[in-house]
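Have the model open as you read.

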Amino acid sequence: MKHLIFLFFLAGLIGCTPSQEDYFDLIISNVNLIDGTGFELTKNVNVYIKDNKIYAIDSKTLEQNQNILDGKDKFLIPGLFDSHVHTSSYKKDFERFIHFGITSIFVTGGSKTTDEFYEKLRTLGEQDSLPSPRVFHTSQIMTMEGKHPAKTYGASSWIDGETVFNLRDTLQIESVINQVSQQPIVGIKLVIEDGPIPPFVDRMPQEFVNKVSKEAAKNGKGVFAHISDNTELSMVLKADIKNIVHFVGIDLDFENGKQLIDSIYKSDLSWITTLMLEKSFIYPLYPEWMQRVEDFNVFDTEDIKILKDSSYIQQAEQYVYMLKNVWGIENPNLENIIIPYVEEINILNKNGVNMVLGTDTGNNFIFPGYSLHEEMQLMELGGIEPIEIIKMSSHNAAKMLDMLDTHGTIEVGKFADMILLDKDPLKSISNTLSINKVIKNGRIQKRIN
Ligand SMILES: [Zn+2]
């Protein structure tokens with residue numbers, strides 16, 4: 001046994017060169033690799049998986065035929081992250097995430113997220129037999145009495161001290177942040193915004209935001225801030241917060257707003273996109289989008305039927321009316337709503353801001369798993385290159401979650417989470433839907449159909 005351990009150790013030292021005698025749990029052979037780092041595609045490589053991890057990557061001709069998954073003419077990309085998720089019926093949602101190749105999710109609070117609920121999500125995420133993504137999450141939402149989201153989304157499941165924390169004074173913040181930091185959270189979820197639609201509520205005062213940031217840092221945690229406009233963006237930057245969970249509502253002026261832009265570039269930000277929110281608001285007006293969802297045969301027909309209710313069409317019409325008459329968007333179709341956002345995201349991304357894809361799944365017309373692919377397509381619509389889009393939904397997510405050493409790309413030593421595709425995603429990002437196999441933790445996952 002000692003001898004064996006020594007051999008493994010030696011194999012590690014010489015760069016894990018696989019030999020014919022080695023046993024591998026899985027080898028994906030002769031595949032076109034897009035590793036998630038943003039570098040170009042590498043043709044015809046073998047990816048060796050052992051003990052849930054990527055053991056080696058090489059391009060030699062394979063002689064053994066044990067546990068080989070033939071990757072010829074196929075494309076291998078990292079398992080995707082949806083970095084802004086809410087879920088209540090998580091068992092149903094989890095199968096769908098895996099079906100669509102989302103091998104990790106980042107849950108950013110919600111009206112069900114008690115400590116016990118989070119524990120259930122993590123327990124499912126930690127095993128790899130039942131289809132479930134890896135689960136990372138923030139604390140419960142930190143807000144204040146009478147503010148967003150408890151007031152604006154008046155649901156009875158917002159319970160102070162359980163699913164949400166209503167901060168009362170800056171002194172109390174220390175103990176609350178200390179308390180939630182005992183849980184295995186990535187960071188603190190902080191809601192600053194003044195509500196999604198009029199009548200607006202008051203924003204969280206700056207001194208509260210500062211105090212949350214300071215106390216989170218003391219506990220070794222980051223803050224994940226929910227904002228909805230430039231004013232709130234400035235508040236976040238002032239408080240030295242490093243993560244933002246929405247881009248919707250932001251409008252940057254790269255020519256005349258230099259001061260704000262400079263402070264963004266100086267602040268080492270990770271910024272989650274959630275442009276699917278904008279698409280979701282107009283979804284009911286485009287029956288062909290809904291048809292696409294139905295055609296997958298993985299979502300409940302009952303749920304889809306509910307979404308076809310005429311009240312949703314009316315809401316969407318009102319939203320379009322507001323975009324036209326309040327925001328001055330001449331023809332508020334998908335292109336005209338989305339492209340200006342993506343152009344800004346593209347500039348930020350090129351200037352080193354860590355842009356991360358997330359959908360805000362849990363809202364109507366945002367579909368667990370599928371909508372991350374839609375989010376990717378929105379990025380392409382606005383001119384971001386597919387190789388960069390893949391990076392934003394793998395590498396960049398792991399970087400934000402501070403786990404790039406072990407997750408987020410297809411590199412030796414990392415957990416083997418990946419998707420085998422039939423078609424080239426660099427030709428069109430919609431080819432990320434041509435899924436052949438989903439692998440999580442080195443295991444081929446059961447898909448819905
Ligand atoms: Zn959200």
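This is a predicted model: local features need pLDDT of at least 70, side-chain atom pairs count only at pLDDT 80 or more; totals for chains, interfaces and linings use all residues.

Buried here means under 20% relative accessible area, exposed means over 50%, and partly exposed is in between (1.4 Å probe, protein chains only).

Residues are numbered from 1 along each chain as its sequence is written, and side-chain values use heavy atoms, with hydrogens and water left out.

Back to that pair: Asp128 and Arg443 form a salt bridge, with the closest N and O atoms 3.1 Å apart. A salt bridge is a side-chain nitrogen of Lys or Arg within 4 Å of a carboxyl oxygen of Asp or Glu. Asp128 sits in the loop between H3 and E8 and Arg443 in strand E18 (residues 443-444), so the bridge ties together parts 315 residues apart in sequence. Helices (H or I, at least four residues) and strands (E, at least two) are DSSP runs, numbered from the N terminus.

The structure holds 17 salt bridges, including these:

| Pair | N to O distance |
|---|---|
| Asp128, Arg443 | 3.1 Å |
| Asp194, Arg203 | 3.2 Å |
| Lys211, Glu215 | 3.0 Å |

Lys211 and Glu215 both belong to helix H5 (residues 206-218), 4 residues apart, about one turn of the helix. Glu215 is buried at 1% relative accessibility, and Lys211 is buried too, at 19%.

Now the sheet: 3 strands make an open one in the order E6-E7-E8, with parallel pairing. Strands count as paired if DSSP finds at least two bridges between them; E6 and E7 (residues 102-107) have 4.
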